[in-house]
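Here is a short report on one structure.

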Amino acid sequence: MLHSLGRRILLGFVLLIFLPIVAALFIPLLFKYLKGIHTGWFVLFVPIALFIYYAGFITTTMDGGHKVSELQWIPSLGISFVSYIDGLSLLFTLLITGIGALVVLYSIFYLDKDREKLNNFYIYLLIFMSAMLGVVQSDNVISLYLFWELTSISSFLLIGYWNTRDRSRFGALKSMMITVFGGLMMLGGFVLLGIMGDSFSIRELIANSSSFIGHEFFTLALILVLLGAFTKSAQFPFYIWLPDAMEAPTPVSAYLHSATMVKAGLYLVARFTPIFAVSEVWIWLVTGIGLLTLFWGSLFAVKQTDLKAILAFSTVSQLGLIMSLLGASAVAYHSDDAIFKFAAFAAIFHLINHATFKGSLFMIAGIIDHETGTRDIRKLGGLMSIMPVSFTVAFIGSMSMAGLPPFNGFLSKEMFFQSMLALRNFELFNFATWGILFPVIAWVASVFTFIYSFYFVFKTFTGRNKVDKLPKKPHEAPVGMLVAPVILATLVVGIFFIPNLVGKWLVKPAVMAIQPGLYSHPSEVDVHVAAWHDFASPELWMTIALVGLGVVLYLTMTKWRKLYDIQPHYLSLNVLYDSMMMLSENGMNRLSRFYMTGLIRTYLMYMFAFIASITTATLFLKNAFIVDMDSFTAVSVYGIMTAIILVAAVVMVILAKTRLAAIIALGAVGYSVSLFFVIFKAPDLALTQLVIETVSVALFLLAFQRLPALKTHGETKRNRLGNAIIAAAVGITVTLVALSAHSQKMIPSISQYYKDTVATEAGGGNIVNVILVDYRGFDTLFEIAVLAVAGIGVLAMIRLQLARKEAKDENK
Amino acid sequence: MKTNDVILQTTTKVVFFIIFLFSIHIFFAGHYSPGGGFVGGLLTTGAIVLLLLAFDLKTVQKALPFNFTIMTGIGLLLALGTASGSIFFDVPFFTHAFSHFNLPLFGETSLHTAMIFDAGVYLVVVGAAITMIQTIGGDT
């Protein structure tokens with residue numbers, strides 16, 4: 001692994017990543033001993049302090065600079081915690097801490113300090129904050145993965161915060177399954193990248209990336225990393241966890257599922273663009289999936305009736321938009337057209353805008369839920385006069401989401417259209433034929449975006465007043481709860497009027513981080529964001545047309561919304577996910593029930609079949625089967641006769657109809673084996689075999705008294721045939737192995753040493769016994785230990801059985 | 001029906017001692033000719049099994065008042081003690097020693113620590129085997 005970059009700087013601000021986790025350690029104490037004060041007030045200091053600290057980096061990154069701080073973790077493996085702050089990571093850091101502060105403030109008023117387990121909530125939230133900071137600042141892919149999974153886990157905990165509800169647990173599990181799946185895929189991609197680039201540092205990977213093209217792992221690593229990004233950022237078809245994650249408390253939805261965590265995938269794509277952008281697959285996948293998600297999400301947002309579900313699908317759709325822009329920005333590596341560099345600018349700009357307006361909209365949805373008791377849009381209506389501040393914020397957020405002036409969404413939408421229109425003119429990779437689809441899909445999706453934005457705000461706040469039917473009597477939210485959404489809404493409007501300030505401070509450095517090497521001088525990135533182009537610009541006419549069509553469709557919504565019912569229920573991706581989960585569970589159940597029969601007979605069959613097949617296969621595949629006739633000695637008449645007796649006895653054992661016959665035949669086998677020992681001149685063995693056979697036959701006879709009559713245990717003929725085949729196979733295998741082992745003696749025997757030294761070294765004459773007690777007495781020591789254990793085992797088993805039987809009799 | 005096995009019992013009384021003496025012989029001869037602790041132990045077991053067959057469990061227990069479980073333990077201790085005794089003489093674990101002695105009655109005899117180890121083997125074999133047979137046979 002390379003150790004060149006940034007090794008001079010140790011520690012420093014990298015420790016700040018862990019600040020929220022350290023702060024989380026004190027939460028239980030504060031919660032327990034300072035009951036009077038809402039725990040959130042203490043938590044609030046953490047993101048505010050971090051935000052102020054990190055804001056100081058803006059001057060460093062503004063012209064493309066960066067700062068590094070490192071904490072060694074496993075230096076021998078090239079793994080460390082690195083805080084690498086450039087334009088891109090600073091932008092995300094500011095979003096995480098800034099929106100984090102607002103969300104904590106909002107949650108102080110949203111969650112009741114007496115009824116909720118606030119300690120859990122804030123611990124999870126702070127862990128999440130640390131994890132997110134780690135994800136966006138890590139320069140080391142392994143620690144990036146670590147933090148990535150930590151976001152998955154803390155998000156799981158936060159979604160399941162109200163763990164007594166079934167829907168919460170279901171949503172938490174679903175998001176966990178999908179994001180962890182993606183995370184693991186991503187880890188695979190990282191490892192492949194590490195192999196290709198011989199480093200885990202992203203900067204070094206980017207520096208070496210020119211050598212990756214054509215590497216056999218390149219496309220695989222690309223797809224694996226993208227799987228991680230797509231699952232986290234809720235892209236098609238992995239978006240299904242996001243709507244179910246709406247069971248989380250609203251501050252969580254606002255923070256994780258609109259502004260930060262779901263953008264981790266976008267961050268990943270942006271961060272790895274310099275490595276993968278050369279690939280056609282990358283451009284097609286990122287742009288294509290992004291656009292598909294944009295279209296799909298906007299289409300289904302209109303169908304929803306739950307406020308947070310609308311916002312969830314809207315988030316999915318907007319994430320797709322940013323994703324497709326990032327894909328378009330990768331085109332800049334193939335084309336000199338400045339517009340593709342501009343796409344990166346548009347992506348980052350919209351990312352900021354989306355975080356502001358979606359955060360505020362989620363908070364408003366939470367306020368409506370909190371004050372009226374329902375999030376069902378069919379029950380709501382006419383809240384404008386009751387909740388004027390909420391309405392204003394919701395209106396600003398929705399109009400920005402729809403892409404109307406004078407809100408920041410308008411600016412990013414214009415840029416989006418501009419980039420998509422430019423894709424038509426790109427020549428490479430079949431874009432010439434399919435390129436026209438990009439602006440068309442983008443435009444249609446924008447129409448739907450427009451519709452659901454209107455649907456969200458006007459169906460809730462205007463129209464017939466249904467206040468009497470609501471679970472609670474609605475009133476305006478407390479001021480504290482409104483502070484955060486109002487700040488965000490102010491930003492929404494503010495960014496429209498001063499886009500170039502944001503562009504200069506935040507977007508430009510991020511773009512330079514996404515497309516390093518494309519700019520010789522920072523001033524090349526200076527994009528002038530203008531709200532007004534001129535009448536000749538196509539995107540203006542696209543906006544005008546979409547507003548026109550959108551208004552018409554919104555007004556006639558009740559008529560065409562039935563079209564959604566055409567899609568049969570069983571064709572949805574959720575049903576696919578559910579049935580996949582069911583299938584894997586049932587399938588695994590059935591599989592294990594199929595082969596885990598619980599019968600020792602079956603398991604023995606598996607074992608023997610495997611032993612026979614693997615050994616025979618190895619024997620022949622390795623050409624190890626050799627029979628050397630010369631090594632055989634002559635066979636004596638006694639040998640043949642004993643062998644005949646032995647075989648006859650064995651056949652009798654197998655075919656015996658009664659136990660007694662089998663035991664006697666077994667005795668005959670034992671005695672003929674001892675005869676063999678005699679023939680082959682092993683008097684000790686013969687003696688031992690003879691005696692042990694006698695004792696064991698006696699034991700058999702003892703046990704035999706108590707056994708029921710011999711019978712087959714429901715074995716069919718087919719079973720017996722299988723047994724016979726496996727038995728024959730094992731027999732043949734052992735014979736073949738024995739023959740070839742005998743024919744090939746690799747090393748000479750050591751027995752000559754024993755013969756030479758038995759009298760001089762060991763003072764004995766019987767080699768066998770001297771080996772047993774002297775040369776290799778260690779074996780004997782444990783063999784007698786085995787014997788002793790067996791004796792005690794028999795004693796214990798039978799005593800215990802007797803004791804149990806007696807206890808049973810007493811109970812009767 | 002009570003059977004009269006006087007012939008069996010009378011023969012057993014004689015044969016038992018012959019087998020037992022043979023087993024002792026086998027045990028002691030082990031170092032130079034076929035035999036040793038294992039076979040010796042098994043032969044002793046065989047002799048006791050013969051007793052068990054001719055008489056009943058209780059009579060044998062009365063005649064041979066040993067706790068065979070404890071005998072197993074003593075055998076193991078003996079074997080392990082021999083093996084670890086070598087440590088005290090600053091030689092590796094399980095190093096045996098032997099020498100020739102001029103004993104009265106026996107004359108020139110070779111004595112070997114392996115014999116003590118073998119005695120352990122003998123005791124374990126007898127103890128464990130009889131424990132098994134007694135427990136299985138006694139479980140009625």
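## A buried strand

This is a predicted model. Start with strand β2 (residues 79-85) of chain A. Seven of its seven residues are buried, so β2(A) is largely enclosed by the rest of the structure.

In a regular strand, side chains alternate between the two faces of the sheet. Both faces of β2(A) are covered. One side carries A:Ile79, A:Phe81, A:Ser83 and A:Ile85, and these are buried.

Strand β1 (residues 67-74) of chain A runs antiparallel to β2(A), and seven bridges join the two. In one of these strands, β2(A), A:Ile79 is the bridge partner of A:Ile74.

β1(A) and β2(A) form a hairpin, with four residues between them. A:Gly78 sits in the turn and has a positive phi of about 75 degrees.

## The contact between chains A and B

Chain A gives 38 residues to the contact, and chain B gives 38 residues. The area buried between chain A and chain B is about 3400 Å². Carbon and sulfur atoms give 77% of that area.

Which polar links cross the interface? The rule finds eight residue pairs in polar contact, both residues at pLDDT 80 or more. It finds zero salt bridges between chain A and chain B.

## The chain A side

Three elements of chain A give two or more residues to the side that touches chain B: α28 (683-704), α31 (767-775) and α32 (777-811). α32(A) gives the most, with 15 residues. The residues on this side of chain A divide into 24 nonpolar, 10 polar and four charged.

Notes. Residues numbered from 1 in each chain as written. Chains lettered and ligands numbered in written order. Predicted model: local features only at pLDDT ≥ 70, side-chain atom pairs only at ≥ 80, totals over all residues. Heavy atoms only, no water. Contact = heavy atoms within 4.5 Å. Buried area = accessible area lost by both parts, 1.4 Å probe. Salt bridge = Lys/Arg side-chain N within 4 Å of Asp/Glu carboxyl O. Polar contact = N/O pair within 3.5 Å; in protein donor to acceptor, adjacent residues only side chain to side chain. Nonpolar A, V, L, I, M, F, W, Y, C, P; charged D, E, K, R; others polar. Buried < 20%, exposed > 50% of the residue type's maximum accessible area, 1.4 Å probe, protein only. Pairing = 2+ DSSP bridges.
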